[in-house]
Amino acid sequence: MGANVPSGHPEATPPGVLRRAIAASAIGNATEWFDYGIYAYGVTYIAAALFPGQAGEATLFALATFAISFLVRPLGGLFWGPLGDRYGRKAVLGATIIMMATATVGVGLIPSYDTIGFWAPLLLVLLRMVQGFSTGGEYGGAAIFMAEYAPDKRRGFYGSFLEVGTLAGFSAGALLMLGFSLLLGDDAMHAWAWRLPFLLAGPLGLVGVYLRARMAETPLFREVEEHHTQEPSAGLELRHLLTRYRRPLLAMGGLVVALNVVNYTLLSYMPTYLERRLGLSTDAALMVPIAGMLFMMVLLPFAGALSDRIGRKPLWRVSLAGLFLAAIPLYHFIGMGMASAVIGFIILGLLYVPQLATISATFPAFFPTPVRFAGFAISYNLSTSLFGGTAPALNSWLIGQTGDPLIPAYVMMASCLAGLLALHFTEESAGKPLDRGEEPQL
């Protein structure tokens, strides 16, 4: 930071303020993924408690309900995105984390199907819709909040900590499910103990609200506010976005297809896959991705820092091509036993890290500050709802229809091809300042 850097510029942000901004962004992401972790890794218990039918049928219903929250995310993006551009990132992030935590706690309070009948799955669907609606503003807002605070030359490094929050929240949820299962036993988990991790989302959300309440609005948003005396309406902003920024919307959406199909196939569906493919117990199936995620968390900051030096696109290219080439061999390897499953998952995670580490540095750069929140939220959530959150249920259904255990590998390969196509239309953003104007970057 030099003497000529304006006081409101991200390069002039004091280190203490920057660290608090990172924590405030990451805690919301951790809350979001804590919910996904306990749902995905507790799906067997949720299915037995809240759905009718045999175990396999009930599990498919529970996975489909998991996907429902993603179908609502575009509505959340359409609602929260323009609000974040008009009234600020901080206000939206405060509201979304409260909604997310409340919905997660609510799942833990739903009476069983044996007690209230069809109201149990109906209440679960409603709460998952609330969770998805709030997440439609949470993830994009957190990534933008992080990016608009971070120095241009180190945006990849600082942005990677948002994804550390992703894996920390997901791992914490998975470890809680596993820990309670080992401590209390399968009978207690089915009877009542599966609810405990959901209830713990309440304190986690309160910590997030506290951290975000202490933060000021981002420097770039304050800068835009100083030069815009009259805010456009949400409808006008959306029309402006859809007419002038179609190419960035589509390019980012293509990258998100690859990112989230791999993400939800690896993190959310893997325990269910291992139970069916290898016949592992629920506890053993949880241990495989937990080990892999802890390994990935260590590598994320290094990958983020590397992207600041050599660029985001080279890392994405290596990740997408590597996953495409390795998916089938590694899924064969995973199917050989417990030890090979752990090693195979870690290798897949290693190939995926370059994408995950650079989300917060790559995606906010697609749009200028006045439409950044709306553009990010619409593109990310629409693509995620259609291709990402539906991946676990799609994989499960296709395996049931075809009997082919390599279906997740085929789906992953197709998504990587979509990502490579989108990467061709993506501009390199490493080391460059985020666009403050109103002209498209692509």
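Is Arg155 buried or exposed, and what is its relative accessible area? Arg155 is buried, with a relative accessible area of 1%, where buried means under 20%, exposed over 50% and partly exposed in between (1.4 Å probe, protein chains only). The model is predicted: local features need pLDDT of at least 70, side-chain atom pairs count only at pLDDT 80 or more, and totals for chains, interfaces and linings use all residues. Residues are numbered from 1 along each chain as its sequence is written, and side-chain values use heavy atoms, without hydrogens and water.

Arg155 belongs to helix α7 (residues 155–184); helices are DSSP runs (H or I, at least four residues) numbered from the N terminus. A polar atom of its side chain lies 3.1 Å from the backbone oxygen of Lys432. Arg155 also touches other residues (heavy atoms within 4.5 Å), including Asp308, Arg312 and Ala361, when residues up to four places away in sequence are not counted.

Salt bridges pair a side-chain nitrogen of Lys or Arg with a carboxyl oxygen of Asp or Glu within 4 Å, and the count comes to eight. One of them joins Asp35 to Arg128, with the closest N and O atoms 2.8 Å apart. This pair links distant parts of the chain, Asp35 in helix α1 (residues 15–41) and Arg128 in helix α6, 93 residues apart. Both residues, Asp35 and Arg128, are buried.

A network of salt bridges links Asp85, Arg89, Glu148 and Arg372. Within it, Glu148 and Arg372 form a salt bridge, their closest N and O atoms being 2.8 Å apart. Glu148 lies in helix α6 and Arg372 in helix α19 (residues 372–388), so the pair ties together parts 224 residues apart in sequence.

Notes. Helix = DSSP H or I, 4+ residues; strand = E, 2+ residues; numbered from the N terminus. Polar contact = N/O pair within 3.5 Å; in protein donor to acceptor, adjacent residues only side chain to side chain.
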